[in-house]
Amino acid sequence: MARITLDHIRHSYGPKPTEAKDYALKEVHHEWEDGGAYALLGPSGCGKTTLLNIISGLLTPSEGKILFDGTDVTNLPTEKRNIAQVFQFPVIYDTMTVYDNLAFPLRNRKLPEADVDRRVNEILSMIDLSDWAKRKAQGLTADQKQKISLGRGLVRSDVNAILFDEPLTVIDPHMKWVLRSQLKRLHRRSGFTMVYVTHDQTEALTFADKVVVMYEGEIVQIGTPVELFERPRHTFVGYFIGSPGMNIMPAALEGSAVVVGNQQIALPKRPAVACEARLELGIRPEFVQLARDGMPIAISKVEDVGRQKIVRASFEGHPLAAVVPEDTEIPADPRVTFDADALNLYANSWRVETGA
Amino acid sequence: MNKTWNNKAWFLVMPVLLLVAFSAIIPLMTVVNYSVQDTFGNNQFFWAGTDWFTDVLHSDRFWDALIRNLIFSFVILAIEVPLGILIALNMPKRGIGVPVCLVLMALPLLIPWNVVGTIWQVFGRVDIGLLGHYLRILGIDYNYTQDPVDAWVTVIVMDVWHWTSLVVLLCYAGLASIPDAYYQAAKIDGASGWSVFRYIQLPKMKRVLLIAVLLRFMDSFMIYTEPFVVTGGGPGNSTTFLSIDLVKMAVGQFDLGPAAAMSIIYFLIILLLSWVFYTVMTSQDAKS
Amino acid sequence: MLELRNVEKVVGEEVHIRPTNLVLERGTLNVLLGPTLSGKTSLMRLMAGLDVPTSGSVHFDGKEVTGVRVQDRNVAMVYQQFINYPAMTVYENIASPMRIAGKDKATIEREVRKAAGLLKLTPYLGRTPLNLSGGQQQRTALARALVKNASLVLLDEPLANLDYKLREELREELPRIFAQSGAVFVYATTEPTEALLLGGRTATLSEGRVTQYGETIDVYRRPGDLLTARTFADPPLNTVAMTKKGQVLHVDGEQAIPLPPHLGAVPDGEVTIAFHPHHLSVHPVSDASAMIPVKVLVSEIAGSESFVHVDYRGNRWVMLQHGVHDVEADSSMDVFLDSRHLMAFNADGHSLNMSSGGV
């Protein structure tokens with residue numbers, strides 16, 4: 001278990017980076033706490049895998065240093081960093097039994113066989129494969145193989161960090177729920193530092209204490225799931241987190257009110273923004289209230305997704321989504337109000353403080 | 001899985017069937033025909049039954065040649081397979097080295113059998129050959145035309161030189177199909193180099209290795225051209241393999257009947273051994 | 001109209017598809033929903049004509065097509081993997097089915113442009129697929145299926161290999177794009193949420209059997225049996241064995257819950273009660289809410305909502321709550337079950353609800 005320090009790290013796959021766009025990973029300078037659960041979240045090509053590879057030691061960053069508990073490990077190879085990693089697709093030793101697969105990392109480190117047995121059995125029951133212990137790993141299903149991979153990542157008790165590279169990609173939805181909650185419980189109990197890479201917001205938000213949202217090689221926000229949801233620092237975070245994502249509409253300022261089309265929405269105080277900045281108003285679909293009074297909208301479609309309904313509408317010519325409970329009646333003359341606390345104002349895509 | 005039925009497919013297979021019929025089935029039937037009859041070459045045939053087969057199976061000449069063949073194939077496999085794996089493991093995985101190595105490896109495979117024979121025949125000669133000459137200078141008494149051991153060594157080295165590449169290329173293909181994640185996982189798990197080989201590379205190479213062993217076995221068991229060109233089966237009969245013996249019998253002595261019987265026995269042995277090899281190697285697969 | 005009559009598929013000892021009857025109308029989107037290996041792909045292969053059923057027959061627009069090869073049917077298929085011709089440009093990829101069909105140049109040009117416009121590929125027509133992102137590669141494959149003007153379009157988990165957000169985008173576009181063509185659409189997925197978002201009709205599959213087929217939201221709301229209810233639940237369905245006696249449901253003689261009216265037909269005795277995670281809450285939502293003491297296993301916070309995993313007498317449940325509820329693990333708490341939304345199943349797994357669907 002260790003604190004991970006990313007000290008002014010930048011990385012470029014090309015030989016001589018000169019400008020910002022040459023970097024696959026733009027400057028990262030952060031400290032990740034010992035025992036924290038972090039998720040790196042972003043679309044493909046956002047640099048999250050690059051950052052993971054730098055932590056695992058597969059890549060040496062072009063610039064900057066990486067420290068585990070204050071010790072510089074920038075130039076240490078993977079095997080010397082004392083980490084565990086779980087990959088996107090199952091990596092198992094076909095010819096070994098399930099038991100031996102899990103015991104492998106321990107035996108390689110010359111742990112007494114009694115300890116090996118205890119740890120392996122603990123993990124076996126956790127991943128629910130105790131009955132399969134003596135089976136050859138080869139004939140198992142993808143689900144089971146990935147569970148073995150997960151188990152091998154968790155079996156050692158002395159690692160600095162456990163890295164997960166989209167580990168639930170091949171898992172069926174139902175099993176995802178089980179494995180995710182087990183992983184979370186295990187993290188609470190063991191206190192490992194865990195880093196989890198994914199493009200799936202649900203996985204990232206539910207797993208992590210702190211989610212690191214990445215976009216085009218840059219960290220756009222690090223925050224708790226609640227912060228990312230309620231106060232996205234960048235319009236990208238608003239769009240990427242939440243399903244559907246945040247409604248973002250071009251806006252203007254008039255005094256301390258935001259103007260969208262013909263509608264004026266009051267803010268608690270006048271935000272400090274430069275007058276030439278491009279302004280946008282952001283409101284989560286969860287905070288758009290369907291009502292009889294308020295601002296008019298034109299509904300184009302209502303999607304009934306079981307536990308709630310997603311209302312797709314047009315508001316002052318801009319698309320607007322609203323999420324309403326499952327038994328809501330859709331009024332004939334639909335109008336909406338926005339929760340005042342949930343308004344976010346963006347200048348040139350970055351959030352400005354409005355006192356909300 | 002039964003697919004949709006399509007009779008047109010048979011027309012597409014027809015040419016191949018005809019070709020196989022002319023190149024394999026008809027000659028084979030001719031050989032069977034010869035093996036059960038006696039002829040004096042003037043197109044007069046007498047029924048001989050299984051006489052030729054009994055004769056062949058009771059001749060020391062046949063058994064000596066068969067044992068030579070088996071030893072040869074065994075030695076060839078024992079050298080070429082491990083050597084091939086070793087070279088494949090050490091070949092570069094990316095960069096400019098890959099095509100260079102692949103071309104170098106493929107070169108011996110592109111040379112015709114008899115040319116390989118001729119190359120080594122000249123190369124090993126004591127009077128004008130580079131190899132023979134320098135071995136002599138080093139004080140080694142080397143002469144493949146007189147010493148049976150030297151003759152064997154020469155034929156084996158020649159075969160290794162010619163065919164190890166095939167094993168290398170097949171293994172390399174097998175290795176190239178292993179995703180990087182496996183190596184990374186092994187590193188993280190603290191696996192030794194031997195463990196990586198034993199638990200990742202070898203299992204992943206198993207299928208191609210099976211093909212390599214089968215091909216090399218069948219090929220080495222049928223070896224003919226190289227020893228024929230280099231040693232002519234000598235000195236004495238020391239490098240007279242079944243195929244060479246067969247040609248001597250059929251073309252040299254015109255003993256068509258026994259030669260035919262022998263080639264059928266030869267054919268059956270290859271079939272049987274290949275089948276044994278195949279079942280033994282695949283049964284391990286099925287067990288797991 | 002695609003019709004499967006008693007279609008069965010057995011390979012060796014293994015039953016891939018149990019006898020299935022299904023009628024899919026033209027111009028509809030039909031979702032095949034089920035976990036991996038439940039038979040979605042096998043069923044699609046039978047529909048396409050890639051496999052011949054062991055017994056039963058396949059009909060299209062009233063004509064029997066059981067033994068007809070896939071080449072001779074008008075079928076388009078899109079897979080989970082992005083399958084395109086790597087050496088051809090996007091334009092040529094999209095044009096390829098029309099070139100095979102021998103369409104004239106002007107038609108090809110027009111159709112390719114149209115499909116590319118619909119799938120937002122116009123700027124990439126000159127590139128080769130390997131220089132595109134995953135989303136664009138799959139859009140190319142979809143465009144190719146579109147221009148083929150097939151009467152049966154099979155989409156086998158087409159979004160599974162895409163990023164979460166790209167999935168959302170394409171999922172919204174797909175029904176719209178394909179709605180106009182009047183073909184029969186079949187869409188396989190493992191994700192219940194995806195089925196709900198796509199709408200249309202859904203057939204739930206479990207171990208090679210179609211357990212229910214109907215309007216997607218109906219199948220979700222009124223599952224005919226427990227298997228269907230389980231297949232069509234994300235987060236997973238919560239269940240508990242209860243005993244019904246008179247007007248009360250109880251667990252081991254305790255925890256009495258007044259019988260909700262919609263379960264009036266349930267006979268006295270053992271029943272399996274099931275409910276969705278969002279019908280469990282921290283506060284009572286109506287008079288019909290029953291208080292239940294549970295042990296908290298772990299809580300997951302997903303921004304706008306929380307998933308609290310709890311244990312009730314050995315049953316693992318998930319509670320879905322709006323807002324942030326970070327409850328400490330291993331603590332005890334009282335939760336409220338909205339009995340208006342309970343589902344009841346008998347020992348054979350058949351629904352005992354008054355207005356359940358089913359086959």
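Analyst: **A proline in a loop, and what surrounds it**

Pro235(C) sits in the loop that runs from helix H8 (226–231) to strand S11 (238–245) of chain C. Helices (H or I, at least four residues) and strands (E, at least two) are DSSP runs, numbered from the N terminus. Keep in mind that you're looking at a predicted model, where local features need pLDDT of at least 70, side-chain atom pairs count only at pLDDT 80 or more, and totals for chains, interfaces and linings use all residues. Residues are numbered from 1 along each chain as its sequence is written, while chains are lettered from A and ligands numbered from 1 in the order in which they are written.

Now zoom in on the backbone. The peptide bond joining Asp234(C) to Pro235(C) is cis, with omega at about 5 degrees. That's worth a second glance because most peptide bonds are trans.

Where does this loop fall in the chain? The domain assignment of chain C gives domain 1 (2–228) and domain 2 (238–345); bounds like these come from an automatic or database assignment. Over C-alpha atoms, the centres of domain 1 of chain C and domain 2 of chain C are 38 Å apart.

Chain A has a cis bond to look at as well. Ser243(A) and Pro244(A) are joined by a cis peptide bond with omega of about 0 degrees. Pro244(A) is found in the loop between helix H8 (235–240) and strand S11 (247–250) of chain A. Chain A is split into domain 1 (4–235) and domain 2 (248–352), and their C-alpha centres are separated by 37 Å. The contact between these two domains of chain A uses 6 residues from domain 1 and 9 residues from domain 2; two residues count as being in contact if their C-beta atoms, placed from the backbone, lie within 7 Å.

Glu207(C) is in the loop between strand S9 (201–206) and strand S10 (209–215) of chain C, and its phi is positive, about 45 degrees, although it is not a glycine. Asp252(C), in the loop between strand S12 (248–251) and strand S13 (254–258) of chain C, has a positive phi of about 50 degrees and is not a glycine either. Again there's a simple background rule: most residues other than glycine have a negative phi.

How open are these two spots? Glu207(C) counts as partly exposed because it has 15 C-beta neighbours inside 10 Å, and Asp252(C) is exposed, with 9 other C-beta atoms within 10 Å. The scale is this: a residue is buried if 20 or more other C-beta atoms lie within 10 Å of its own, exposed if 12 or fewer, and partly exposed in between, with C-beta atoms placed from the backbone.

Step back to the whole of chain C. It has 8 helices and 20 strands, and its C-alpha trace spans about 75 × 45 × 35 Å along the principal axes. Of its 359 residues, 45% are buried. Among chain C contacts between residues at least 6 apart in sequence, 68% join residues at least 24 apart.

Chain C meets chain A through 34 residues of its own and 30 from chain A. On the chain C side, at least two residues each come from helices H5 (164–179), H6 (192–198) and H7 (216–221) and strands S16 (289–302) and S17 (305–312). S16(C) gives the most, with 5 residues. That side divides into 17 nonpolar, 11 polar and 6 charged residues.

Finally, the inside. The largest nonpolar core has 175 residues, and those with the most contacts inside it include Tyr38(A), Leu40(A) and Val186(C); a core is a set of buried Ala, Val, Leu, Ile, Met, Phe, Trp, Tyr and Cys residues joined through C-beta atoms within 7 Å. A second, separate core of 23 residues includes Ile248(A), Val288(A), Ala313(A) and Ala322(A).

Definitions and conventions: Nonpolar A, V, L, I, M, F, W, Y, C, P; charged D, E, K, R; others polar.
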